[in-house]
Amino acid sequence: MTSTSPEKAPAPHARKGPYGIIDIGSNSVRLVVYAGATRSPVPIFNEKVMAGLGRSVARTGKLDEQGVERAIKAVRRFAALKREIGIKKLDVVATAAVRDASDGEAFLKKIEAFFDQKVRLLSGEEEARLAALGILSAIPDADGLAGDLGGGSLELVAVSSGTLAPGITLPLGPLRLEAASEGNLSRAGQIVDEELKKIGWLSSMKGRPLYAVGGVWRNLARIHMAQFNYPVRVLHNYVIPQRDAAQLAGLLEKMGPKSLARIPDISSRRIPALPYGALVLERLLAAAGASHVIVSSFGLREGVVYDALDAEEKRKDPLIEGCKDLAGRLARFPEHGQELATWTEALFSDGGFGESAAQKRLRHAACILADIGWYVHPDYRSHHAMQQILLAPVVGIDHPGRMFLARVGFHRHEGNAEAEVLGDLTSRLSKEEAYRARILGLALRLAFSLCAARLGVLPLTRLRMDEKYVRLELPKKIESFMGETVQKRLNALAKAAGREADVVIG
């Protein structure tokens, strides 16, 4: 989906100020504050406490006593932060541990005493639905099995073409599984297999990806990244082949706490849960016949945000909205994005290189982000812009797409040169897409020189391309805008495109 309308101000509900969610899970209690409830919500504060509420539910039927103390202490702080930050709207949700514990209701009353509202206790089906909505909000074309592994439960939903089937919940969270198996991984494997066999539709997921949500599975993805020295440490939309995921999960199941503690980037409080989460992943991949794992950084909390949006906001493209938000914070004139998208279109129309709908969408995103590196020292702008884009907190894009946008940002500032800092990113993008990124970056470099980064100039000019020329057309009244630097950058673009440069005044 590509928006071609002029950039608009945020929707009225997006301007209402900070929006917070307190997520009371089986393993962690977390407060996330977003700048607003929008199509691409941006966290401005995020704090997690590993309370372990569900640690004893399977054994005693009650919440863990120490976990309750830690959770109440955390929520007391979160209530104070709500007032300090000025959160306009707050949702408080609780999941599996509180839902299943005999003392869950009494615990909720203690939590509600800090607020003037009820805690939203989610059913298993509702928890599954919201987690899947969060995935779809960030990966709109998701087509496969959505899986959210929390401390107390595993939620599974089939997703396809922007829709989701009714979800189910299973008592397979690592805390629950460890207690139910009495710490015996072999027995835990039997429990997982027994539960998965109850899902009649699971085999229909064969050959489709598993979209993985949950802190334990994200830690597993971090290990995989480190194992292969993957250069882009962005978990969202990170892909793990099925064989790699199964082998890594099998290895982690066999490792003891001391060995796991030596692995970099692993939270110490996640270590006890990691073997059980790995076991669930391995058995789920086998039972579903999943082709690969795609990590989603969006899950239940983002599903809550998305579920509250109006229909118009939901229809927006999360990538384009995220890029607009980033440009609104960093670019001189965020409105420039649409001018640049229109101005560069001739290069990639049927008379130029041509482009698919997906390529057009990426070009639009690149144009929106074209000026976010302007404020650093000129000698560092190209690398800064590239890294800013590569690591941008945007969704609705896969890793090759990130690499494309990053290369555009580099060439927009550096021209035809190649950046050593890109390392093997070049080999991770097809030659065709790397070339398209170079052409677009050079076109944007020309555009900013021509208009001096001012609004309203580019619409007076036209950039055209045919089999022989890359042609820049200017009206007589702005003929003086044509200068040596502009000509030099037009020449560079034409040469890269395998054509001659031509300027038409009149």
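Mentor: A residue counts as exposed when its relative accessible area is over 50%, as buried when that area is under 20%, and as partly exposed in between. The model discussed here is predicted.

Trainee: Is Asn229 buried or exposed?

Mentor: Asn229 sits in the loop between helix H8 (215-227) and strand S11 (239-241). Relative accessibility is 59% for Asn229, so the residue counts as exposed.

Trainee: What is the phi of Asn229, about?

Mentor: Most residues other than glycine have a negative phi. Asn229 is not a glycine, yet its phi is positive, at about 50°.

Trainee: Which class of accessibility does Asn237 fall into?

Mentor: Asn237 also lies in the loop between H8 and S11. Its phi is positive, near 70°, although the residue is other than glycine. The cut-off to apply is under 20%. With a relative accessibility of 9%, Asn237 therefore counts as buried.

Trainee: Are H17 and H18 roughly parallel or roughly antiparallel to each other?

Mentor: Two packed helices are described by the angle between their axes and the distance between the axes. For H17 (residues 381-390) and H18 (residues 399-414), the axes are 8 Å apart and the angle is about 160°. An angle over 145 degrees sets the class, so H17 and H18 are roughly antiparallel.

Trainee: What is the handedness of the crossing where H17 passes H18, and how many charged residues does the contact have?

Mentor: H17 passes H18 in a right-handed crossing. The H17 side of the contact includes Arg381, His383, Met386 and Ile389, and these belong to a set that meets H18 residues including Arg402, Leu405, Phe410 and Glu414. By class, the contact of H17 with H18 has 8 nonpolar and 4 polar residues, and its charged residues number 3.

Trainee: At what angle do H9 and H11 pack?

Mentor: Helix H9 covers residues 242-254 and helix H11 covers residues 274-288. Their crossing is left-handed. With axes 8 Å apart, H9 and H11 pack at an angle of about 145°.

Trainee: How is H2 oriented relative to H4?

Mentor: Helix H2 (residues 65-85) and helix H4 (residues 104-112) have axes 10 Å apart, at an angle of about 25°. Because of that angle, the orientation of H2 to H4 is roughly parallel.

Trainee: How many charged residues are there in the contact of H2 with H4?

Mentor: H2 passes H4 in a right-handed crossing. Val68, Ala71, Ile72 and Val75 of H2 meet Phe107, Lys110 and Ile111 of H4. The classes are 6 nonpolar residues, no polar ones, and a charged count of 1.

Trainee: What is the relative accessible area of His336?

Mentor: His336 is placed in helix H15 (residues 336-344). Apart from neighbours within four places in sequence, His336 is in contact with Phe448, Cys451, Ala453, Arg454, Leu455 and Leu458. His336 is buried, and its relative accessible area is 3%.

Trainee: How many residues of H12 are buried?

Mentor: Helix H12 spans residues 300-308 and is mostly covered. Its buried residues are Leu300, Arg301, Glu302, Gly303, Val304, Val305 and Tyr306. Of the 9 residues in H12, the number buried is 7.

How values were computed:
Residues are numbered from 1 along each chain as its sequence is written. This is a predicted model: local features need pLDDT of at least 70, side-chain atom pairs count only at pLDDT 80 or more; totals for chains, interfaces and linings use all residues. Side-chain values use heavy atoms; hydrogens and water are left out. Axes are lines fitted to C-alpha atoms, for helices over the stretch in contact, and angles run from 0 to 180 degrees between N-to-C directions. Helices (H or I, at least four residues) and strands (E, at least two) are DSSP runs, numbered from the N terminus. Angles under 35 degrees count as roughly parallel, over 145 as roughly antiparallel, 65 to 115 as roughly perpendicular and the rest as oblique. A crossing is left-handed if the near helix is turned anticlockwise from the far one by less than a right angle, and right-handed if clockwise. Contact means heavy atoms within 4.5 Å. Ala, Val, Leu, Ile, Met, Phe, Trp, Tyr, Cys and Pro count as nonpolar, Asp, Glu, Lys and Arg as charged, and the others, Gly among them, as polar. Buried means under 20% relative accessible area, exposed over 50%, partly exposed in between (1.4 Å probe, protein chains only).
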